[in-house]
Amino acid sequence: MKESKKGTISRRQFLGYSALGLAGLTILPGWSVNGVRIAPSDRVVLGFIGVGQQGINDFNSFTGCPGVQVAACADVDSMKTQRFYNRVTAWQASLGAPQRCDRYEFYEELLDRKDIDAVSIATPDHWHALNAIHACQAGKDVYCQKPLAYTITEGLAMVKAVRANKRILQVGSQQRSDPEFQQAIALVRSGAIGHIEKIYARVGEPPTPYDLPEMPVPQNLNFNLWMGPLNDEKIHYHPDICPPISLDPVENEKNWAAWRYYLEVGNGFTADWGAHMFDISQAAIGMDGSGPIEYIPQGYEGTPYATMKYANGIVMTEQPYRDDDQHAKGIRFIGTKGWIQVTRGAIHASNPSILRKGKEKKSDVPYETSSPHMQDFINCVRSRQNPIAPVEVGCSTNTLCCLANIAHELKRPVQWDPVTLSFVNDDEARNHRLYRYEYRRPYSLPYDD
């Protein structure tokens with residue numbers, strides 16, 4: 001929903017720019033990227049919603065996908081849209097392509113563009129649902145950063161929107177496209193270590209109450225629009241949750257936006273890394289689209305680690321997966337015939353002979369900007385097949401993370417039925433904000449029924 005404040009351009013200008021943008025993007029009869037010739041009909045034109053640190057990383061990743069063009073961006077921080085414009089036009093110039101990237105404050109104006117095929121969403125989690133659902137309704141395919149949503153209800157609504165509008169949605173859980181994690185999933189599924197009994201998954205701590213001091217909002221940031229549907233009066237501006245940048249001299253964010261670590265605006269490491277490690281764990285044991293039936297918080301009756309129990313008897317705990325590093329993020333699958341341990345860039349097993357040797361990775365390519373996951377999305381935009389991390393997968397992982405935090409905040413176990421998608425005789429949990437919260441007016445959640 002738009003605020004009453006107008007955007008940076010008039011409606012007449014917007015329509016004119018859109019027409020020019022469409023012409024500029026289709027004027028060349030052919031286009032080559034790294035020697036690969038791309039026909040006009042195979043190009044995928046992207047718009048970016050949210051162009052902070054993660055949005056820039058996602059752009060860098062998409063530039064490695066042949067046939068991708070970028071037409072526009074939207075962000076509540078005008079300085080970040082200018083930085084994105086500078087990056088995009090420099091990339092376009094290096095390709096000999098038309099230099100054009102329109103900038104918007106309101107993402108709805110970007111979605112009105114008929115020349116945009118898909119959008120990449122890297123906004124804070126509380127905006128994911130509205131961004132993605134409105135994109136689907138506008139006929140755009142979606143690459144949405146993880147975790148899929150802020151609440152359980154939002155994730156479920158996103159599933160409905162994607163399927164009702166026949167859209168492609170890829171969740172930004174890029175470990176799904178990583179060779180080590182793919183190998184771990186395949187080995188566990190094939191029974192290489194027998195029947196899985198336990199999973200150790202280190203993801204990190206739950207969120208804490210918002211305690212940052214209020215500070216003046218910079219002129220380049222529309223913080224009221226950043227808030228969007230959030231209705232908690234305790235939330236105010238602090239640069240940690242909207243990291244500032246500078247264009248002259250060029251200075252990027254010095255830290256990841258800390259909104260994800262406060263319970264009023266995020267789901268902590270539980271979701272930030274749980275959307276990776278819990279996600280892979282579920283994939284390996286065949287629980288995509290499903291999940292645990294009981295969540296026991298750390299400390300409850302002496303429970304040493306947050307514990308999740310599946311109906312098939314498998315128990316997953318949020319605890320160190322390796323003995324020599326208590327904080328490293330990763331997974332250990334423990335079966336009746338051995339174990340497999342996996343993290344970014346490394347996989348080990350109790351029986352090393354079951355592991356295949358992979359190609360040595362390029363050390364100069366940051367993990368966040370490698371492009372196989374983006375390429376899978378682009379391929380699926382063209383083929384209309386489900387990507388490797390479709391919306392249902394993101395929804396089930398998001399639900400798991402939310403339920404773990406609900407149990408943590410209630411300081412007691414929570415039972416959940418992954419078939420009926422409902423709590424088991426628990427009105428207190430059903431009324432928790434991470435299941436559903438009342439949006440601030442005038443915002444409303446489509447497909448919430």
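Helices (H or I, at least four residues) and strands (E, at least two) are DSSP runs, numbered from the N terminus. The model shown is predicted, so that local features need pLDDT of at least 70 and side-chain atom pairs count only at pLDDT 80 or more, whereas totals for chains, interfaces and linings use all residues. Residues are numbered from 1 along each chain as its sequence is written, and side-chain values use heavy atoms, with hydrogens and water left out.

**View 1. The protein chain as a whole contains 13 helices and 19 strands.** Of its 449 residues, 56% count as buried, where buried means under 20% relative accessible area, exposed over 50% and partly exposed in between (1.4 Å probe, protein chains only). Among contacts (heavy atoms within 4.5 Å) between residues at least 6 apart in sequence, 71% join residues at least 24 apart.

**View 2. Helix H6 (residues 152–164) packs along H12, their axes coming within 8 Å and crossing at roughly 170 degrees.** This angle makes H6 roughly antiparallel to H12; angles under 35 degrees count as roughly parallel, over 145 as roughly antiparallel, 65 to 115 as roughly perpendicular and the rest as oblique. On the H6 side the contact is made by Ile152, Gly155, Leu156, Met158, Val159, Val162 and Arg163, and on the H12 side by Val391, Glu392, Cys395, Asn398, Thr399, Cys402, Leu403 and Ile406. By class, this contact of H6 with H12 has 10 nonpolar, 3 polar and 2 charged residues, where Ala, Val, Leu, Ile, Met, Phe, Trp, Tyr, Cys and Pro count as nonpolar, Asp, Glu, Lys and Arg as charged, and the others, Gly among them, as polar. Axes are lines fitted to C-alpha atoms, for helices over the stretch in contact, and angles run from 0 to 180 degrees between N-to-C directions.

View 3. With a relative accessibility of 18%, Val159 counts as buried. Leaving aside residues up to four places away in sequence, Val159 touches Val391, Glu392 and Cys395. The C-alpha atoms of Val159 and Cys395 are separated by 7.3 Å, although the two residues are 236 residues apart along the chain.

**View 4. Helix H10 (residues 274–284) packs against helix H12 (residues 391–410) at an angle of about 110 degrees, with the axes 9 Å apart.** H10 and H12 are therefore roughly perpendicular to each other, and their crossing is right-handed; a crossing is left-handed if the near helix is turned anticlockwise from the far one by less than a right angle, and right-handed if clockwise. Gly274, Ala275, Phe278, Asp279 and Gln282 of H10 meet Val393, Ser396, Thr397, Leu400 and Cys401 of H12. The contact of H10 with H12 comprises, by class, 5 nonpolar, 4 polar and 1 charged residues.

**View 5. Helix H2 (residues 53–62) and helix H11 (residues 372–383) have axes that come within 8 Å and cross at roughly 70 degrees.** H2 and H11 are therefore roughly perpendicular to each other, and the crossing is right-handed. Asp58, Ser61 and Phe62 of H2 make the contact with Met374, Phe377 and Ile378 of H11, which by class has 4 nonpolar, 1 polar and 1 charged residues. Because 8 of the 10 residues of H2 are buried, this helix is largely enclosed by the rest of the structure. The buried residues of H2 pack against strand S3 (44–49), strand S4 (68–74), helix H3 (78–95), strand S6 (118–121), strand S7 (141–144) and H11.

**View 6. Helix H5 (residues 125–137) has 13 residues and spans 19 Å from its first C-alpha to its last.** This reach is close to the 18 Å expected at 1.5 Å a residue, the expected span being 1.5 Å times one less than the number of residues. Since 12 of the 13 residues of H5 are buried, the helix is largely enclosed by the rest of the structure; among them are Trp127, His128 and Cys136. Just after H5, Gly139 takes a positive phi of about 85 degrees.

**View 7. Two cis peptide bonds and two positive phi values are shown at separate sites.** Most residues other than glycine have a negative phi, and most peptide bonds are trans. A cis bond with omega of about 5 degrees joins Asp248 and Pro249, and Pro249 is placed in the loop between strand S10 (246–247) and strand S11 (250–251). The bond from Arg441 to Pro442 is also cis, with omega near 5 degrees, and Pro442 lies in the segment after helix H13 (427–430). Asn425, in the loop between strand S19 (422–423) and H13, has a positive phi near 50 degrees and, at 79% relative accessibility, counts as exposed. Tyr447, in the segment after H13, has a positive phi of about 65 degrees although it is not a glycine, and at 24% relative accessibility Tyr447 counts as partly exposed.
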